[in-house]
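Hello,

Here is the structure we discussed handing over. Please open it alongside these notes; the findings follow below.

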Amino acid sequence: MNSHAPGPKLPWEGKAQPADKIIVTAIMLSGIYGLATMPLIPWMIQNHPVALAAIRGGMTAIVNLGALARVDEVSLWAAVFVGLPATVMFDWAYWWAGQRWGERSLHMILGESRKTEMRLAKVKRLTVRFGAIAVLTAYYSPLPTVLIYAAAGWAGMRFTTFLILDVLGALLWTSVLAGLGYWVGQSAVDAVEAFADYTLYLTLALIVVIVIRQIWNTRQQLRAAPPRRAPEDAAPEDAAPEPDVEPDVDPDKTPVE
């Protein structure tokens with residue numbers, strides 16, 4: 001029989017259960033939500049900076065609020081806390097993916113490449129050795145934060161513990177960003193406003209890149225999928241036996257002895 005490379009694997013075994021569908025939906029929504037709210041930045045960062053931070057969080061919005069606090073346009077407490085819920089909005093889904101799917105969730109996030117196993121080994125060591133500290137300082141790690149969250153679930157961290165550490169880590173991150181904006185002051189406000197003029201173009205370019213990459217990945221997956229065997233490619237032993245056929249004998253002729 002012919003051997004073919006396996007097609008793309010799903011992170012769960014067998015038929016998807018309701019929990020699997022919830023996790024996948026939440027992870028997809030996290031990406032869609034981020035892309036859908038990016039076009040709001042150029043308009044809201046100047047006219048509704050607090051609402052922008054509440055809707056999507058993000059470095060630009062929070063640094064801008066810190067700078068506005070320096071010039072007494074918003075409260076410094078608002079700069080620190082307003083963007084916190086949006087920052088941690090979908091983190092639970094990645095923890096749940098790691099807790100439910102184990103190591104396969106890490107492969108789902110990293111994808112399949114030559115460096116995947118090296119990065120997996122690194123995040124495993126980091127999570128097993130440091131655990132709580134890894135989640136608390138995830139925003140300062142060179143690894144993707146969602147990968148650390150999934151690894152925390154895979155390592156067996158309880159959800160309550162993860163949630164507390166996640167919120168504290170995000171609060172530490174927003175405090176640093178707001179403090180940076182407050183320290184820079186009006187210069188940061190001017191820089192953010194200038195950056196906002198180009199954000200829409202950057203957003204459109206990013207969407208185009210994502211669409212092209214998705215098309216490319218889909219084509220690669222289709223090429224890697226095992227081809228369907230044509231009937232003529234079937235092995236000889238699999239072929240149906242031919243029926244026995246009696247010899248064509250003329251009844252008017254008798255054999256010569």
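**Helix packing around H7 and H8**

H7 and H8 pack with their axes 6 Å apart, at an angle of about 130°. An angle between 115 and 145 degrees is neither perpendicular nor antiparallel, so H7 and H8 are oblique to each other. On the H7 side, the contact uses Tyr94, Ala97, Gly98 and Trp101. H8 contributes Glu103, Arg104, Ser105, Met108 and Ile109. By class, that makes five nonpolar, two polar and two charged residues.

Keep in mind that this is a predicted model.

**H8 against H11**

H8 (residues 103–110) also packs with H11 (residues 145–154). Here the angle is about 170° and the axes lie 9 Å apart. Angles over 145 degrees count as roughly antiparallel, and H8 and H11 are therefore roughly antiparallel to each other. From H8, the residues in contact are Glu103, Ser105, Leu106, Ile109 and Leu110. They meet Val146, Leu147, Ala150, Ala151 and Trp154 of H11. The class count for H8 with H11 is eight nonpolar, one polar and one charged.

**What H7 buries**

H7 spans residues 91–101. Its buried residues are Asp91, Ala93, Tyr94, Trp95, Ala97, Gly98 and Trp101. Which helices do the buried residues of H7 pack against? The partners are H1 (18–37), H6, H8, H11 and H12. After H7 comes Gly102, with a positive phi near 65°.

**H12**

H12 covers residues 159–184, 26 residues in total. At 1.5 Å a residue it should span 38 Å. Its end C-alpha atoms are 37 Å apart, so the two values agree.

**Confidence**

The chain averages a pLDDT of 77. Of the residues, 67% score at least 70. Which element has the lowest mean pLDDT? That is H13 (residues 186–224), at 60. H6 (residues 84–87) has the highest, at 94.

Two stretches deserve a separate mention. Over residues 1–8, pLDDT stays under 50, and the model has 10 contacts for them beyond four places in sequence. Over residues 253–257, pLDDT is below 50 as well. That stretch has zero contacts in the model beyond near neighbours in sequence.

Best wishes

Methods. Residues numbered from 1 in each chain as written. Predicted model: local features only at pLDDT ≥ 70, side-chain atom pairs only at ≥ 80, totals over all residues. Heavy atoms only, no water. Helix = DSSP H or I, 4+ residues; strand = E, 2+ residues; numbered from the N terminus. Expected span 1.5 Å × (residues − 1). pLDDT = per-residue confidence, 0-100. Contact = heavy atoms within 4.5 Å. Axes fitted to C-alpha atoms, helices over the stretch in contact; angles between N-to-C directions. Parallel < 35°, antiparallel > 145°, perpendicular 65-115°, else oblique. Nonpolar A, V, L, I, M, F, W, Y, C, P; charged D, E, K, R; others polar. Buried < 20%, exposed > 50% of the residue type's maximum accessible area, 1.4 Å probe, protein only.
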